[in-house]
Amino acid sequence: MKKFIVTCLFAAAATIPAWAHHSFAAEFDVTKPVKLEGVVTKMEWINPHSWIHMDVKNPDGTVTSWMIEGGSPNALLRRGFTKLSLPPGSKIVVEGYQAKDGANRANGRDLTFADGKKLFIGSDASEGGPKDKPDEK
Amino acid sequence: MVHRLQITLTALACAAFGASMAGAQELALAAKTAPTPTTTSVPRTPDGHPDLGGYWTNATVIPLERPKDLGNKAFFTPEEAAAYEKAKLADNGPTGKGTYADVHYNMAQFGLEKGQSKVADNIRTSLITDPANGRIPPMTPEGRERNAERAAKNKGHEFDSAENRSLSERCILWPNEGPPMMPVGYNSNLEIVQGAGYVAVMQEMIHDARVIPTDGGSHVPANIREWMGDSRGHWEGDTLVVDTTNFRPETAFHGASENLHVVERFRRVDADTILYSFTVEDPHTWASPWSAEYPMTKVKGPIFEYACHEGNYGMENNLSGARAEEKKLAEKKALEAK
């Protein structure tokens, strides 16, 4: 029964989140998924979006620089992410979609460190939920 | 196809479930009410008014409008509220690979997930309290026509220039700013500073401060129009009442005209809570006024600067993306013409 209620609530509330500052679909191309492995060269802590700069080594040995669009620095900072969390030289893997104009920019759909950890692991609603956040009490 | 069938079946089953629960809903409504005002113990400023000052969040999982299948059920039972909150907080957005819905960030990774925010307790099924169905009243023919005209004017020109983009993409005004103030997907934080004769409200998204005189004075002349309107406040007992008019037509809160009239009420009900409510009226848009209410809960500061325009690469990228699309289309047409 409980499961059923949740299903109903989900069905009623399921919408595409309008959480971003702009239209992702206008900026990035769904037909150009990318998976990039490389090292961080710089992180720009700018609103409305953070941008991670990374160098990706190509099979022929050349290096291509990419820019990855990330979340709002305010939100990242509030969750405990600092300037030291993604220092230059960090090895990361980014999955996302390339910019529509063909430039070497992508959105950061998923970002994983070399050890498999995700960019940011927040408190999971299923494990206590938001009211247990000690830093906001 | 199978997926679509499942959705249809779920919708049908939910509608039937909603109807069968109607009786129980009325019982729940009688038993559960919004936080009761207990203003005796709240902090006060030297002039005796309740002190609204501090850092607050209006983050919520409750939608502005009630899902239709919940009818006039205004409150969840505690179990339903818990299940609803859990489900909403766990939702990090669509993830279907290769779909436009997937072209976004993983909300859990980029600090935007709602489950990582403090959320005030709320057992309402919608923020809207009036009308009874918890939904925005139907738009008048005039309102529909005005909005359709505006949409038609921009159709096909959405990416012509920066000025064709939304106020939020242009970093001018976010839809949550109001007034009336609404929760937003992330950074739903605000700071209130209260002095003698003034209350200032600054919302993190997107960093506009509203300085409200509380002497009950009159509005600026009608020919002065502002993005966030002209707010004037006065105290009614322990409640700060803020009256706002003089909007610009572009602000268009939920399709409203520049004649939108907003009345907000701020009531500090306990050490950790401000109960915020508002009524909006605009006969040029809706046949009747409508009202909403939600609690704001105290959070640890500070409010971080949201210098939106400073790093707005997205605007340039959207426009260059549109130019690239146009070029591609022109090349395709030229090829077909050969």
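Of the 338 residues of chain B, 36% count as buried, a residue being buried if 20 or more other C-beta atoms, placed from the backbone, lie within 10 Å of its own, exposed if 12 or fewer do, and partly exposed in between. In chain A, buried residues make up 40% of the 137 residues. This is a predicted model, in which local features need pLDDT of at least 70 and side-chain atom pairs count only at pLDDT 80 or more, while totals for chains, interfaces and linings use all residues. Residues are numbered from 1 along each chain as its sequence is written, and chains are lettered from A and ligands numbered from 1 in the order in which they are written.

**Confidence**

- The model scores ipTM 0.76 and pTM 0.81.
- Chain B averages a pLDDT of 85, and 86% of its residues score at least 70; pLDDT is the predictor's confidence in each residue, from 0 to 100.
- Over residues 1-38 of chain B the pLDDT is below 50, and this stretch has 29 contacts in the model beyond near neighbours in sequence. Two residues are in contact if their C-beta atoms, placed from the backbone, lie within 7 Å.
- Chain A averages a pLDDT of 76, with 72% of the residues at 70 or above.
- In chain A, pLDDT stays under 50 over residues 1-18, which have 26 contacts beyond four places in sequence.
- The pLDDT of chain A also stays under 50 over residues 122-137, where the model has 34 contacts beyond four places in sequence.

**Make-up of the chains**

- Chain B has five helices and 10 strands. Helices (H or I, at least four residues) and strands (E, at least two) are DSSP runs, numbered from the N terminus.
- Chain A has three helices and six strands, and from the N terminus on its elements run α-α-β-β-β-α-β-β-β.
- Among contacts with a separation of 6 or more, residues 24 or more positions apart account for 62% in chain B and for 50% in chain A.

**Nonpolar cores**

- The largest nonpolar core has 38 residues, of which B:L52, B:W56, B:I192, B:V199, B:I274 and B:Y276 touch the most other members. Such a core is a set of buried Ala, Val, Leu, Ile, Met, Phe, Trp, Tyr and Cys residues joined through C-beta atoms within 7 Å.
- At least two residues of this core come from each of α3 (78-89), β3 (189-195), β4 (198-203), β7 (239-245), β8 (261-270), β9 (273-281) and β10 (290-298) of chain B. The largest share, five residues, comes from β9(B).
- Leaving aside neighbours within four places in sequence, B:L52 is in contact with B:I192, B:Q194, B:V199, B:L240, B:F266, B:R268 and B:I274.
- Apart from this core lies another, of 36 residues, among them A:W66, B:M107, B:A108 and B:C308.

**Strand pairing in chain B**

- Strand β1 (residues 54-57) of chain B pairs with β3(B) in the antiparallel sense over four bridges; two strands pair if DSSP finds at least two bridges between them.
- Opposite B:T57 stands B:N189 in β3(B).
- β1(B) also pairs with β10(B), in the antiparallel sense over two bridges. In β10(B), B:K298 is the bridge partner of B:W56.

**Helices of chain B**

- Helix α5 (residues 313-337) has 25 residues and, at 1.5 Å a residue, should span 36 Å; its end C-alpha atoms are 36 Å apart, which agrees. The expected span is 1.5 Å times one less than the number of residues.
- The buried residues of α5(B) are B:G314, B:N317, B:N318 and B:G321, and what covers them includes α2 (24-27), β4 and β5 (105-107) of chain A.
- α4(B) is hardly covered, as the count of buried residues among its 14 residues is one. Just after α4(B), B:G156 takes a positive phi of about 85°.

**A:G96 in chain A**

- A:G96 lies in strand β4 (residues 91-99) of chain A.
- With 28 C-beta neighbours inside 10 Å, A:G96 counts as buried.
- Not counting residues up to four places away in sequence, A:G96 touches A:V34, A:I68, A:A106, A:N107, A:G108 and A:R109.
- A:G96 and A:E69 are 27 residues apart along the chain, and their C-alpha atoms are separated by 9.5 Å.
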